Each structure stands twice: as C-alpha cells, then as structure tokens.
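Hello,

Have a look at it first, and then compare what you see with what I found.

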Amino acid sequence: MINVLFVCWGNICRSPMAEFVLKDMVKKRHMEDRFHIESRATHTDEIWNGQGNPVYPPAKEKLAEHGISCKGKRAQLLTKSDFDTFDYIIGMDDLNLRWIPRILGKSAGSTPEERRGQKISLLMDYTDRPRMVADPWYTRDFESTYRDVVEGCEGLLEYLL
C-alpha cells in the first residue's frame, strides 16, 4: 500500500483537488487497493471548533466538471503522526514546504532534484517543469490550478508506478 498525503494552507482548494484527482487516476487504472490518498492543511484557517470547512465551492465545481466528486471532504490539519502514516507528504508551494517540516519535526530537500522521491516534496517536483501550484483562493484561476494538479499527479503516479 502506497500512502500519499497532499498538503496546502487550508485544505479546501489545492490539496483536496490533488487528493481527488489522484484517487480518480488510480480508480481508472483499477489500482485502488494499492493506494491510500488523503489531504491536510498546515493551518487552522478553515477549521473551526474542531470541524473543517468543506472543499471551496469553485474547487468542487472544477472537479465536478471533470466528473470527480469530493463529497464529504472537510479540511483537516496536518499532525506530527502523519509523518509515520504516509509514505509521501506532498505540498503545493514553498510556503507549505516551510510549514510541513516544522509541523512534522523533519526536514525536506532544498531543490526539486533532492526532494523528488523523498517523503516531503512538492507536487510539481514530479513534472518536467518544477514550480509552485498557484493558490486559486488568491488567483481565482481554478482552471490553471486544476491543470497543474493533473500534470503533477500524472508525474507522481508515473514515478510511483
């Protein structure tokens, strides 16, 4: 079983998009029994009184446009125990890459080449053009974020297989 955890700031846009895109890719290849995939937040901005907010509506709509459901997903906070549970902990941008090791008490490589295949990395490290996945909360460009997530998940899945 390969355990993959995607991480972004609030766990309502990018990381749930990556979680459900990769789940969809794995399902289409009939490999669900080989993967466990989840997502988390580095901050509690979207978690109130222990309850996380659902996936942000425009992100949910973008997934639905491609026949992907994220029904029932709510924001969850990254915890120190996630380091032992997951084989790959994959952030969306440099800000995540600063917070993930602080929360987990571990370190990450400083270049895409060093990070690729390590426990802590960035999603786009698995592509031919390593870069950040822009936060659509700020850019309002959910289509570009979706395309980056798909490209990153394709590269990650190719690497894992």
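Asn-11 sits in the loop that joins strand E1 (2-8) to H1. Please keep in mind throughout that this is a predicted model. Asn-11 is not a glycine, yet its phi is positive, at about 65 degrees. Most residues other than glycine have a negative phi. Is Asn-11 buried or exposed? With a relative accessible area of 0%, Asn-11 is buried.

There is another residue of this kind to look at. Arg-140, also not a glycine, has a positive phi of about 65 degrees. Its place is the loop between helix H6 (136-139) and H7. Arg-140 has a relative accessible area of 45% and is therefore partly exposed, since that class lies between 20% and 50%.

Asn-11 also turns up in the surroundings of a lysine. Lys-73 belongs to the loop between helix H2 (57-65) and helix H3 (82-85). Its relative accessible area is 9%, so Lys-73 counts as buried, the limit being under 20%. Leaving out residues up to four places away in sequence, Lys-73 touches Asn-11, Pro-16, Glu-19, Phe-20, Ser-39, Asn-53, Pro-54 and Val-55. Where does the side chain of Lys-73 find a backbone oxygen? That oxygen belongs to Ser-39, and the side chain of Lys-73 reaches it at 3.1 Å. As for Glu-19, it is 54 residues from Lys-73 along the chain, and the C-alpha atoms of the two are separated by 10 Å.

Now to the helices. Two packed helices are described by the angle between their axes and the distance between the axes, so I give both values for each pair below.

Helix H1 (residues 14-28) packs against helix H7 (residues 142-160) at an angle of about 50 degrees, and their axes are 9 Å apart. H1 and H7 are therefore oblique to each other, and their crossing is right-handed. On the H1 side the contact is made by Arg-14, Met-17, Ala-18, Val-21, Leu-22, Met-25 and Val-26. H7 contributes Phe-142, Thr-145, Tyr-146, Val-149, Val-150, Cys-153, Glu-154, Leu-156 and Leu-157. By class, the residues of the contact of H1 with H7 are 13 nonpolar, one polar and two charged.

H1 also packs against H2, here at an angle of about 20 degrees and with the axes 10 Å apart. An angle under 35 degrees counts as roughly parallel, which is why H1 and H2 are described that way. H1 passes H2 in a right-handed crossing. Pro-16, Met-17, Phe-20 and Val-21 of H1 meet Ala-59, Lys-62 and Leu-63 of H2. The contact of H1 with H2 has six nonpolar residues, no polar ones and one charged.

How do H2 and H7 lie relative to each other, and at what angle do they cross? Their axes come within 10 Å and cross at roughly 60 degrees, and H2 and H7 are therefore oblique to each other. This crossing is right-handed. Pro-58, Ala-59, Lys-62, Leu-63 and Glu-65 of H2 make the contact with Phe-142, Glu-143 and Tyr-146 of H7. Here the residues divide into five nonpolar, no polar and three charged.

Thr-145 is located in helix H7 and counts as buried, at 1% relative accessibility. What does the side chain of Thr-145 find there? One of its polar atoms lies 3.0 Å from the backbone oxygen of Ala-134. Apart from its neighbours within four places in sequence, Thr-145 is in contact with Arg-14, Met-17, Val-133, Ala-134 and Pro-136.

Finally, a serine. Ser-121 is part of strand E6 (residues 120-122). Ser-121 is buried, with a relative accessible area of 0%, and its side chain makes a polar contact with the side chain of Tyr-126, at 3.3 Å.

I hope you enjoy looking through it.

Best wishes

How values were computed:
Residues are numbered from 1 along each chain as its sequence is written. This is a predicted model: local features need pLDDT of at least 70, side-chain atom pairs count only at pLDDT 80 or more; totals for chains, interfaces and linings use all residues. Side-chain values use heavy atoms; hydrogens and water are left out. Helices (H or I, at least four residues) and strands (E, at least two) are DSSP runs, numbered from the N terminus. Buried means under 20% relative accessible area, exposed over 50%, partly exposed in between (1.4 Å probe, protein chains only). A polar contact is a pair of N or O atoms within 3.5 Å; within protein, one must be able to donate a hydrogen and the other to accept it, and residues adjacent in sequence count only if both atoms are side-chain atoms. Axes are lines fitted to C-alpha atoms, for helices over the stretch in contact, and angles run from 0 to 180 degrees between N-to-C directions. Angles under 35 degrees count as roughly parallel, over 145 as roughly antiparallel, 65 to 115 as roughly perpendicular and the rest as oblique. A crossing is left-handed if the near helix is turned anticlockwise from the far one by less than a right angle, and right-handed if clockwise. Contact means heavy atoms within 4.5 Å. Ala, Val, Leu, Ile, Met, Phe, Trp, Tyr, Cys and Pro count as nonpolar, Asp, Glu, Lys and Arg as charged, and the others, Gly among them, as polar.
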